[in-house]
Amino acid sequence: MGRKGPELEEREWAAAACSGDEQAFYQLISIHRRKLYGIAYSYLRNEADALEAIQETVCKAWIKCRRLKDPEAFIPWLIRILINCCIDELKRRKRVLPYVAETVQATGEMVSVFKMDLDSALDRLKPKYRHVLTLKYYQDMTLAEIARVLNCPEGTVKTWQHQGLKQLRRHMDVGGELYYG
């Protein structure tokens, strides 16, 4: 039977959640909470902001859930909402305070110079490339899953991945030397 059981169950929960079943909605959120946190944290790089983005996502999803036409698209739809909440927070940060690496210091984390360079290089990418690379390499999503989340053809996702990696390499190339992690 393999993965058919949980997938079928998840589809049924999604259909029930979209019909207003609070328990089914909670169950879906619970199953995917680590993935949602990982995505939010990879965008915001701050635990409190990531948790706040998830909370905002869950509220928005619950309010709009009944309007979702295809319950099978529940998780990609939820991730899209989360990404939009993260983008909104990043825009708010830029308006309030120019981005400074104080978020790293505030959490007391030890972060390698390479990681900081990678984060900085990712920040300089076009959003479509950054989304694909973040979901692929930070969240280990397949290109098909990313295509569903971003609501675009898989071929487009492959192109964006290729272009994003090319730009990332160019941004990481400092002083003629390429950093390797």
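The model is predicted, so local features need pLDDT of at least 70 and side-chain atom pairs count only at pLDDT 80 or more, while totals for chains, interfaces and linings use all residues. Residues are numbered from 1 along each chain as its sequence is written, and side-chain values use heavy atoms, with hydrogens and water left out.

Rolling a probe the size of a water molecule over the atoms shows where empty space is left. The second largest pocket has a volume of about 380 Å³. Here a pocket is an open set of points, on a 1 Å grid over the protein atoms alone, where a 1.4 Å probe fits, with protein on both sides within 12 Å along at least five of seven lines. Grid points are joined across faces, edges and corners, and the volume is the space filled by probe spheres set on the points. Its lining counts 16 residues, where lining means having an atom within 4 Å of a point. Nearest the centre of this pocket lie Tyr43, Leu90, Lys94, Asp123 and Arg130.

Four helices, α3 (33-44), α5 (74-96), α7 (113-123) and α8 (127-138), each supply at least two lining residues, and α5 gives the most, with 5. Helices are DSSP runs of H or I, at least four residues long, numbered from the N terminus. By type, the lining holds 7 nonpolar, 3 polar and 6 charged residues; Ala, Val, Leu, Ile, Met, Phe, Trp, Tyr, Cys and Pro count as nonpolar, Asp, Glu, Lys and Arg as charged, and the others, Gly among them, as polar.

Helix α7 also holds Leu122, which counts as buried because its relative accessibility is 4% (buried is under 20% relative accessible area, exposed over 50%, partly exposed in between, with a 1.4 Å probe and protein chains only). Beyond its neighbours within four places in sequence, Leu122 is in contact (heavy atoms within 4.5 Å) with Arg45, Arg130, Leu133, Tyr138 and Leu168. In helix α5, Glu89 is buried too, at 13%, and touches Leu44 and Asp49, leaving out residues up to four places away in sequence.

Most residues other than glycine have a negative phi. Arg45, in the loop between α3 and α4 (47-64), has a positive phi of about 55° and is buried at 13% relative accessibility. Asn151, in the loop between α9 (143-150) and α10 (154-172), has a positive phi near 60°, but this residue is exposed, at 63%.
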